[in-house]
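Look at the whole chain before turning to its parts. The paragraphs below go from the overall fold to the ligand, then to a hairpin and a loop residue.

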Amino acid sequence: MDSHPLWYYRRYKDIFLRKQNYEQEIAAIKSITSLDGQRVQEIGAGTGEFAEKILNCRVAHLEVVDYDPIAVEILRKRFAHQRNVSVIQANGFARAAGGQEFDVIIAMYSIILEDIFDKKNLEERILQMTTKLANKGVAIFEWIDAEISEKVYPQGMKSVVYENKEKDEIVLIESIYTPDTVTIKYSGKLEKEIIEYEAHLLSVTWREITSILENVTRLTGGKFGMVPIESLRRRVLGYVQKN
Ligand SMILES: C[S@@+](CC[C@H](N)C(=O)[O-])C[C@H]1O[C@@H](n2cnc3c(N)ncnc32)[C@H](O)[C@@H]1O
């Protein structure tokens, strides 16, 4: 798995305006489960911005996982003095190695759809998340509903421009949706450099996820649910609760 470029981490908040969504995302998670006093794992913690919001919910312990060494270095520095946080460099969707169990596992930003190109692998990923759950534990993941995206962007294309005239920065972000993939292309000028970068995600619809979650819960004996994040059009939280 490749690292994202360094600017992606450094400027993630600015370019994607992510911080504007954090409160809504936390509220959506809380509509599924309480975080208070829970043992939580965040997969794909990046620079730890969202992890910081999770910590504000008075969790007992938070394990942040990222497979990218650059992100892990940032996370280690950021949480060095936080006793209830551990930082792990690993593929967060791999089968649990140790005996560590979590009450809540969170994977936001559609990362559950990164680096896989077959929908069968998605079912395996969600199953693997559930292997790390304690009794009644909940695995929560977020994705962009491809069906709605295709309706909203019938040309299969969305262009967003990030611009900061003072810093002489401009980035064009194009998302190209097909029934099977989402390609996100970044190009422009950032931190005085010309940037050109492409990321790939699997594309899934609400209907496809429903059948995957039906399978997962049949195999695990748990239950599943889906919560649209109303104010963030096209975004959905899916969850599986262990029995
Ligand atoms: C979009 S960034 C998240 C940003 C971060 N939460 C923040 O607010 O700064 C997604 C992160 O997930 C990581 N990632 C993607 N797939 C992963 C996986 N299978 N296991 C661990 N980390 C993963 C990437 O390396 C990246 O740092």
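Two residues are in contact if their C-beta atoms, placed from the backbone, lie within 7 Å. Among contacts in this chain between residues at least 6 apart in sequence, 59% join residues at least 24 apart. The model is predicted, so local features need pLDDT of at least 70 and side-chain atom pairs count only at pLDDT 80 or more, while totals for chains, interfaces and linings use all residues. Residues are numbered from 1 along each chain as its sequence is written.

The chain has eight helices and eleven strands; helices (H or I, at least four residues) and strands (E, at least two) are DSSP runs, numbered from the N terminus. Its C-alpha atoms fill a box of roughly 50 × 45 × 30 Å along the principal axes.

A ligand is surrounded by 21 residues, and the closest are Gly 44, Gly 46, Glu 49, Asp 68 and Gly 92. Here a residue is near a molecule if its C-beta atom, placed from the backbone, lies within 6 Å of it. Helix 4 (49–55) and strand 2 (61–66) each supply at least two residues of this shell.

Strand 8 (residues 181–190) and strand 9 (residues 193–202) run antiparallel and are joined by ten bridges; two strands pair if DSSP finds at least two bridges between them. Lys 185 of the pair stands opposite Glu 198 in strand 9. Two residues lie between the strands of this hairpin, where Glu 191 takes a positive phi near 50°.

Asp 115 is in the loop between strand 4 (102–107) and helix 6 (119–131). Asp 115 and Val 40 are 75 residues apart in sequence and 24 Å apart in space, C-alpha to C-alpha.
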